[in-house]
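This report goes through a two-chain model by region. Please keep the sequence and the coordinates open while reading.

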Amino acid sequence: MRWLFVAVIALTAAPAAAQTYVGGYPGLALPNLDSPDILCNVPTTTCRPLNIAACDDSAGLARTFKVALPAIPPNLWTNAGASAKVYVWLQKTTTSPSSTVMPICQYMTTTTSQNVLIATWQYATNVWPFTGAAAVFPDDYNSAGIASTPLNFSVGDVMNVTGVFAGSTVMNKACPTGASATYVLCFGIDTINNTSLAAGSDSQVDGTSNREVTLWVQFLIDTVPPAAVDSVSATALKARIEVSPKSAGKLAGDRWNVKIREQLGSTPSTAACNTWVSTDADPIKTATGDAISAGSVSIDATNGVTYEGCVDLLDQVGNEGTGSASFSATPFDQCDFASCYPGQLQTGFCAAVAPVPMAATVILLLLRRLRRRDGVRS
Amino acid sequence: MIRLVALATVLATATPALAADHEDAQPSWGISFRTGPYKPSMGTNARYYNAYYTSPTDHSLFKNHPLMTEVEIDYYILREFGLLGPMVELGMWGVSGATRACVHPDASGTPVKGPCSSTEILTPGVSQSGTDSTKLTAYPITLGAIYKADLIKRYTVIPLVPYAKGGLTWFTWRNTVGGKLSHYLGHPAEGATLGVRGTVGLAFNLDFIEPNAASRARMSTGIADSYLFGEMSFLWVDGFGNNKRLNFSGQTVQVGFAVDFL
């Protein structure tokens, strides 16, 4: 299926989002879900999760959605006919994003599910965006002059989706905190009788039995912070610090997020560690560990240097919880069995077997001598 | 001498043909698994080793003598008068302990914890247990020969097989601190020590417990014999007198399970 598409959800500063999957119907080649551009989990550095940080409305930091749409071949539009329409709408679901359970994009006049129309336009009037070349929604949609009001489709807008068929209003609303839901942004081509390539329009896109052409991007937005760290203890080891945090509210998937930096004063800082700023003069070192399976996290450090540190929880989409109280620790050099070994110690493997080739040589020489003696006798 | 070797080879290879019946065929190879407590002597550095890896107050099982677990594969070339052939053993052993630290005054006279000299570690009460963990791991490999005197089992009702074996042993080792490879004068703390090993043991044949099942196993799966055994090994693993190598000499008593195949 060469003519449709891989859709990639992209944010203004970085591509894709956490726990995002894409696909399309009918008979469309599904994208490669292993691609880091599409399947974005928190440890993947090529994408940014849709979390509390994605809702930062500070200047230049607000994130808006962009969906990269590969070109749709002209023959699809030719078959759909001049009165076919494009619909873009948003569905809110209760199921978590999954690489195996595909959502159904359904935009029906009788629907009762939560969905919001984002945009619609008629093919004959506005050939853009799908003919011939890849496009980005909504940037190219805006520049094509299709909408009277340009779309600015933010994370907050998505999170404020409510009701049924709310119209095409674009909200630019603030992002609520403490909410978590899965959304599906659907693109569909409406034709007259809900078959995929029949000409005309009936103002609805059927994503079920008579599937019309749809493509979708499914993603999770999570602004629920993880639990606070209740207590922490730190042990200064040899060139590292072992941090043992405790949190009664930790959940599966949460990770300990340990931060240390050189302690400049005689006592550790009382500032919350999620407000720490790393500088060249005082860089912050971090280490993480699974909060359920790891009772402690070890972080490399320099012997003789006093560090201050704290730990908080990171959830699966990168939300950061309330940090622990600060701790202070000074790693110090210690003797291990090898480092303080008395006398000389030969390391390495090869020299140890030197007697083997020597012994083998002696044996070979003896055998050779025996053979010669036997030869003389016979 | 060559004639003698040729005669022995002919006897060995002819054995399966002569013993057409599986019931009389002798095993051609075997595998065994065993474990037992072991503590290396470390030669002149025994006290230094003990400072890290031996606890005089902790008498829990295998704390000071951790288990050495090994697998052995034997190949029987001569089978007429007992079983004789080459063997290879692969093993694993590890011991854990704590680092050592000493308190010294810094430039301002303030006491601070730091590393010790080897003399301080060997002086009672001067060094103290550090905060980090250290572990010494060894992987012994032995190449040698084994002789199993199974004639008693073959020709009497006594299900016992005494055996002896010996060979060249190569102990590879590594030392870690906090799970990471430690260092000695900048070199990674890993190496090897060569030596020899001799073992005597007694195997208890299990076939008599269920003779019919043993006979069926012999016919259907090729399992000739199965044994429980105990053995004692003597290790001289000091690099043949090289005192710059870690000295893994010692003794170990091990028990295990062995199976011989046709």
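## Strand β11 of chain A and its sheet

Strand β11 (residues 255-262) of chain A is largely enclosed by the rest of the structure, because seven of its eight residues are buried. Strands, like helices, are DSSP runs numbered from the N terminus (E, at least two residues, for strands; H or I, at least four, for helices). A residue is buried if 20 or more other C-beta atoms lie within 10 Å of its own, exposed if 12 or fewer, and partly exposed in between, with C-beta atoms placed from the backbone. β11(A) runs antiparallel to strand β12 (residues 285-290) of chain A, with six bridges joining them. In that pairing V258(A) has A287(A) as its bridge partner. β11(A) is also joined to strand β14 (residues 307-314) of chain A, by eight bridges and again antiparallel. Here W256(A) is partnered with L313(A), and R255(A) with L314(A). Strands count as paired if DSSP finds at least two bridges between them.

These strands belong to an open sheet of four, in the order β12-β11-β14-β15 (chain A), with antiparallel pairing. β12 and β15 (327-329) of chain A form the edges with a single partner strand each, so one side of each has no neighbour in the sheet. On average, neighbouring strands of this sheet are turned by 30° against each other, direction ignored; the axes behind this angle are lines fitted to C-alpha atoms, for helices over the stretch in contact, and angles run from 0 to 180 degrees between N-to-C directions. In a regular strand the side chains alternate between the two faces of the sheet.

## Origin of the model and numbering

The model is predicted: local features need pLDDT of at least 70 and side-chain atom pairs count only at pLDDT 80 or more, whereas totals for chains, interfaces and linings use all residues. Residues are numbered from 1 along each chain as its sequence is written, while chains are lettered from A and ligands numbered from 1 in the order in which they are written.

## A three-stranded sheet in chain A

Another open sheet has three strands in the order β9-β10-β13 (chain A), paired antiparallel. Its edge strands, β9 (231-236) and β13 (297-300) of chain A, each pair on one side only. From one strand to the next the twist averages 25°. Six bridges connect β9(A) and β10(A) in the antiparallel sense, and T235(A) stands opposite E242(A) of β10(A).

## Nonpolar cores

A nonpolar core is a set of buried Ala, Val, Leu, Ile, Met, Phe, Trp, Tyr and Cys residues joined through C-beta atoms within 7 Å. The largest one holds 38 residues, of which V155(A), C186(A) and I221(A) touch the most other members. At least two residues of this core come from each of β3 (65-69), β4 (85-93), β5 (115-122), α3 (155-159), β7 (180-190) and β8 (214-222) of chain A. Beyond its neighbours within four places in sequence, I221(A) is in contact with L50(A), V155(A), V158(A), M159(A), A181(A) and Y183(A). Contact between two residues requires that their C-beta atoms, placed from the backbone, lie within 7 Å.

A separate core has 31 residues, including A338(A), F171(B), A192(B) and L235(B).

## Chain B and its side towards chain A

Chain B has five helices and twelve strands. Of its 262 residues, 35% are buried. Among contacts in chain B with a separation of 6 or more, 68% are between residues 24 or more positions apart. Strand β3 (residues 83-105) of chain B runs antiparallel to strand β4 (residues 111-114) of chain B, joined by four bridges. V103(B) has K113(B) as its bridge partner in β4(B). This hairpin has five residues between the strands, and G109(B) takes a positive phi near 90°. Just after α5(B), G222(B) has a positive phi of about 80°.

Contacts between the chains involve 38 residues of chain B and 28 residues of chain A. On the chain B side, 16 residues are nonpolar, 16 polar and six charged. Ala, Val, Leu, Ile, Met, Phe, Trp, Tyr, Cys and Pro count as nonpolar, Asp, Glu, Lys and Arg as charged, and the others, Gly among them, as polar.

## Confidence in chain A

The predictor's confidence in each residue is pLDDT, from 0 to 100. Chain A has a mean pLDDT of 72, and 63% of its residues reach 70 or more. Among the elements of chain A, the lowest mean pLDDT is that of strand β1 (residues 8-11) of chain A (36), and the highest that of strand β10 (residues 240-246) of chain A (95).

Residues 1-18 of chain A have pLDDT below 50, and this stretch has 75 contacts in the model beyond near neighbours in sequence. The pLDDT is also below 50 over residues 194-198 of chain A, a stretch with 15 such contacts. Where pLDDT is low, the predicted coordinates should not be read in detail.
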